[in-house]
Amino acid sequence: MFLGQVVDPDHSCRQAVARLLVWLTLQGRPACSAGTGAYCKARFRLSEEHLHRLVQATGTKLHGETRDDWLWKGRRVKIADGTTAIMPDTEANQAEYPQPDGQKPGLGFPMLRMVAIFCLATGAVLDAAVAAYSGKGTGEFSLLRSIWDELRAGEVFLANRLYCSWFEIALLKQRGVDVVLHQHQSRRADFSAGRSLGKRDHVVHWPKPDRPDWMDRDVYASLPKELEIREVEVAIRLNGFRPVKLIVATTLLDAEEYRPEDLGELYWQRWQVEILFRTLKCGCRVEERRFETADRLLLCVAVYLIVSWRT
């Protein structure tokens, strides 16, 4: 009933119960009460942990059934991205999900942050992590690391420039995962240096930065002294618009197998994840503040992640 309620344009509990009544009638079974109280109480007795496992299980099943001709150059591609959502302005939510630091006390709403990993071929949500908007361990990198066991050797990790970090690339490379990332704006590409692969396409070496506070010394020591990174300018072409040029940083060094136009087409597909987050906020009505507590909101988010892009 909860799954049906989430995907129904009506979204009301009354419609969910009415649909159950129709089903019971068709099955020749006794009808239940048309009231919504029992359903609403039962719905929020569901375990957030169990729904999270269901998100993982359904996403993994769909991802595993991906047809070979849906893969990108024979490889599975997974996308990661993050988003935020406003929550009901209650004391409990303010304590667990405080408002952003830049807002004056009493003038803002509680806010949560979510990072999800998606299957590019099917659009399935494979895993997601939710935390407060600010505080230790609540950044997008921290949330990604909490779920990136979902990334397997031989796969390609696709993400925006926020994730173009030396340490993230090195740690993923240790796992056998290649990356295709929009190069961070703080790093300039000098195409006159490095090993040239073509016009505005070369391979360079990024030296290892100093150890960050969050990284264990042994892990830091296990990482290479430098990363071999391919920087390539790609053009993303959309009908009716001028081509958009950007620099892609990738560990896919074979210029014949992974041409600049291939990388540009792949990165353009990353925008599909923005559609899912937009649909989540509109379809699940996350930001309409219809829920009294954070745990109820998170249950609805988990259920929507199960059914999103599967309807």
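Because the model is predicted, local features need pLDDT of at least 70 and side-chain atom pairs count only at pLDDT 80 or more, while totals for chains, interfaces and linings use all residues. Residues are numbered from 1 along each chain as its sequence is written, and side-chain values use heavy atoms, with hydrogens and water left out.

In soluble globular proteins, nonpolar side chains tend to be buried together. A nonpolar core is here a set of buried Ala, Val, Leu, Ile, Met, Phe, Trp, Tyr and Cys residues joined through side-chain atoms within 4.5 Å, where buried means under 20% relative accessible area, exposed over 50% and partly exposed in between, with a 1.4 Å probe and protein chains only. The largest such core has 50 residues, and Trp72, Val180 and Leu263 have the most contacts inside it. Its largest share, 10 residues, comes from helix H11, residues 294-307; helices (H or I, at least four residues) and strands (E, at least two) are DSSP runs numbered from the N terminus. A second, separate core of 33 residues includes Cys119, Leu126, Ile147 and Leu223. Leaving aside residues up to four places away in sequence, Leu263 touches Trp72, Val180, Arg230, Val232, Val234, Thr250, Leu252 and Tyr258, a contact being heavy atoms within 4.5 Å.

Two of these neighbours, Leu252 and Tyr258, are also touched by Arg75, together with Gly154, Glu155, Val156 and Asp178, again not counting residues up to four places away. Arg75 lies in the loop between helix H4 (48-64) and strand E1 (77-86), and at 15% relative accessibility Arg75 counts as buried. Its side chain makes a polar contact with the side chain of Tyr258 at 3.2 Å, and a polar atom of that arginine side chain lies 3.1 Å from the backbone oxygen of Gly154. A polar contact is a pair of N or O atoms within 3.5 Å; within protein, one must be able to donate a hydrogen and the other to accept it, and residues adjacent in sequence count only if both atoms are side-chain atoms.

The structure also holds 7 aromatic pairs. Rings of Phe, Tyr and Trp (its six-membered ring) pair if their centres lie within 6.5 Å, with planes under 30 degrees apart counted as stacked, over 60 as edge-to-face and the rest as tilted. The rings of Phe141 and Tyr163 have centres 5.9 Å apart and planes at 75 degrees, so this pair is edge-to-face. Phe141 lies in helix H6 (140-147) and Tyr163 in the loop between strand E4 (156-159) and helix H7 (166-174), so the pair ties together parts that are 22 residues apart in sequence. Phe141 is partly exposed at 24% relative accessibility, whereas Tyr163 is buried at 1%. Phe167 and Trp214 form an edge-to-face pair, 6.3 Å centre to centre with 85 degrees between the planes. Trp166, Phe167, Trp214 and Tyr220 form one aromatic cluster.

Finally, strand E2 (residues 111-119) runs antiparallel to E3 and is joined to it by 7 bridges, strands being paired if DSSP finds at least two bridges between them. E2 and E3 form a hairpin with 5 residues between them, and Gly123 in the turn has a positive phi of about 80 degrees. Because 7 of the 8 residues of E3 (residues 125-132) are buried, this strand is largely enclosed by the rest of the structure.
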